[in-house]
Amino acid sequence: MTDVPFRATGFAPRRVAWASVATLLGLLALWQAAASLGWLRTEFLSSPLLIGRALAALIQSGELWQHLAASLQRLAIGWTVGTVAGLAVGLALGLFTLARSPGMAVVSALFPIPKIALVPLFIIWFGIGEGSKIVTLAFGVFFPTVINTMAGVDGVPRGLIRMAQSFGVPYGAIVRKIVLPGAAPAILSGFRITTSTAIILLVAAEMIGADRGIGAFVLQAGNLYDTDNLLAGIVVLSSIGLTIAWLLGQLERRLLSWRGP
Amino acid sequence: MIGAMTARVGLSAAGIRHGYQGLSVLDGIDLSVPAGQVTVLVGPSGCGKSTMLGILGGLIRPDAGTVAITGTPAEDCLNPLTYVFQDFALLPWRSVEGNVALVLEHTEMPAAARAQRVAEVLELTGLSDFATAWPRQLSGGMRQRVGIARALAVRPAVLLMDEPLSALDAQTRDLLLEEFVRMIAATGLTTVYVTHNLGEATRLGQQIVVLGRRPGRVRQILTIDRPLAERLPGDDDLARVEAELWTLLRADALAAERELVHD
Ligand SMILES: Nc1ncnc2c1ncn2[C@@H]1O[C@H](COP(=O)(O)OP(=O)(O)OP(=O)(O)O)[C@@H](O)[C@H]1O
Ligand SMILES: [Mg+2]
């Protein structure tokens, strides 16, 4: 007699939390060691300690807040405008035959334009100030929001809508109680894409014409070969991205708790 | 409480024809659904039972023909023609009580009365302890009980049920079938019940309408006069009707099984 060999091994990677943290800390330590031991030139890549020192100085002088405030304001206004408009149009395309084909034609035609290429045009139209930056962001956020919202509405099971109709639930209530909650998962995961798009466009717009804002700050540091401040700016940008992702995660957890763990 | 309300509403369909993209599904159906009785629709897969039920309740507009309501619904009836769905059709983002409340929220009913009605139908279907549970936490049988509770909440005049048990396992099906029998016997609700299961057909049906293969026509109508409350699962005469139904359906079922599915 022989034992039956076990054959179902592998293909089931697990998450090991401490390994993630240890890896990142290890890489930072390695970078710092390489800089301290003179293996790499800090003029080109700076070092974790130098970046930390630059950040501390920026915080103390209050310079960071000026740039951060300018950037966050543009981000908040631009993203919100693009999102609200995108939700409204996406909902209309998802609900109405009359809106769908004309709307999709326009969206499909404009969606592939690299939005950064439009910044000069927006500067001509809206001036070099806040207007052009906010419009760039809003424009970039608008199209993916339209597409995600429409896909979300399309994905709402028709059976649920027919059920509500069979009980005489009126149109507006069906949109509010069935279509919107049903599309919410798609809309919220779209927010992850549009917020990171918005950050990219923010930096680009601030590099083209601004004296305030993290994008402008990074560009100025680069012009001065000041890699400490340059990378400090990038750390700040990454933190904005991480914070937003975390906030969206909380929002999803709260709004979509019905999906279960 | 839902007492023995006077059954006053029936349906009468005449000359129903319907097709999908050139595929003729129903071809001249005349059907009368008598008030206070259970009409069962049986027929081979794809013969148009669901289509017919959709037409009866105004969810599908037939290519030709008319459906009329006979009699007047009771005064407290909020939705005369009320469905119970095969896949339950519960909103996953609403709790059990929220799902039932959905169908009352747009009515004139004051909030307090609404809450009371929800509690009442949950009690009636044995769901009181699950009022705040999410649908995903419930077994299939409990989900369909929510479907029943929701339907009863609007005090329907006609209950339209499309294979309400077919998504459930055999034991749950037996349990729920007995609950349907009790509920329908107690309320005297006019019911149209679509099923593949001939046991369900004979247990519930007072009028059993056999539809033929596409294009669907009424092949035969059998009647069982014995009141629901007096029927038992093993009864001889019910078994005889069941055998008769199977003789009628066997060839069609075999043919339906051997054809390509189009949808
Ligand atoms: N929306 C639709 N579009 C196209 N064809 C459809 C549609 N709904 C149903 N059909 C087709 O019409 C025929 C009848 O469908 P229906 O669902 O009414 O049959 P049924 O008797 O309820 O079938 P089953 O026993 O499988 O539930 C089937 O061939 C089906 O494929
Ligand atoms: Mg069907």
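Helix α9 of chain A gives the most to the lining of the second largest cavity, with 4 residues. Helices here are DSSP runs of H or I with at least four residues, strands are runs of E with at least two, and both are numbered from the N terminus. The model is predicted, so local features need pLDDT of at least 70 and side-chain atom pairs count only at pLDDT 80 or more, while totals for chains, interfaces and linings use all residues. Residues are numbered from 1 along each chain as its sequence is written, chains are lettered from A and ligands numbered from 1 in the order in which they are written, and side-chain values use heavy atoms, with hydrogens and water left out.

Stay with the cavity. The structure holds 2 cavities of 30 Å³ or more. A cavity is a set of points, on a 1 Å grid over the protein atoms alone, where a 1.4 Å probe fits but cannot get out; lining residues have an atom within 4 Å of a point. The second largest cavity has a volume of about 30 Å³, where volume is the space filled by probe spheres set on the points, and grid points are joined across faces, edges and corners. Its lining is made by A:P144, A:T145, A:N148, A:I187, A:G190, A:F191 and A:T194. Two elements of chain A, α7 (130-154) and α9 (171-208), each give two or more residues to this lining. By class, the lining has 3 nonpolar, 4 polar and no charged residues. Ala, Val, Leu, Ile, Met, Phe, Trp, Tyr, Cys and Pro count as nonpolar; Asp, Glu, Lys and Arg count as charged; the others, Gly among them, are polar.

A:L121, A:I124, A:W125 and A:F126 make a nonpolar patch of about 460 Å². Patch residues have over 30% relative accessible area and no salt bridge; nonpolar side chains (Val, Leu, Ile, Met, Phe, Trp, Tyr) are joined within 5 Å, like charges within 9 Å. Areas come from the Shrake-Rupley method with a 1.4 Å probe, and for residues only the protein chains shown count as cover. A:I124 belongs to helix α6 (residues 119-126) of chain A. A:I124 is exposed, at 67% relative accessible area. Buried means under 20%, exposed over 50%, and partly exposed lies in between (1.4 Å probe, protein chains only).

A:S61 is found in helix α3 (residues 48-61) of chain A. A:S61 is exposed too, at 53% relative accessibility. From A:S61 to A:V89 is 28 residues in sequence and 44 Å in space, C-alpha to C-alpha.

Next come the salt bridges. Over all chains there are 16. Each is a side-chain nitrogen of Lys or Arg within 4 Å of a carboxyl oxygen of Asp or Glu.

In chain B, B:D76 pairs with B:R155, with the closest N and O atoms 3.3 Å apart. This pair links distant parts of the chain, 79 residues apart: B:D76 is in the loop between β4 (64-70) and β5 (81-84), and B:R155 is in the loop between α4 (140-153) and β6 (158-162). B:D76 is partly exposed at 39%, whereas B:R155 is buried at 10%.

B:E178 forms a salt bridge with B:R203, at 2.7 Å between the closest N and O atoms. B:E178 lies in helix α5 (residues 170-187) and B:R203 in helix α6 (residues 198-204) of chain B, so the pair ties together parts 25 residues apart in sequence. B:R203 is buried at 7% relative accessibility.

Terms used: On a 1 Å grid over the protein atoms alone, a cavity is a set of points where a 1.4 Å probe fits but cannot get out, and a pocket is an open set with protein on both sides within 12 Å along at least five of seven lines; lining residues have an atom within 4 Å of a point.
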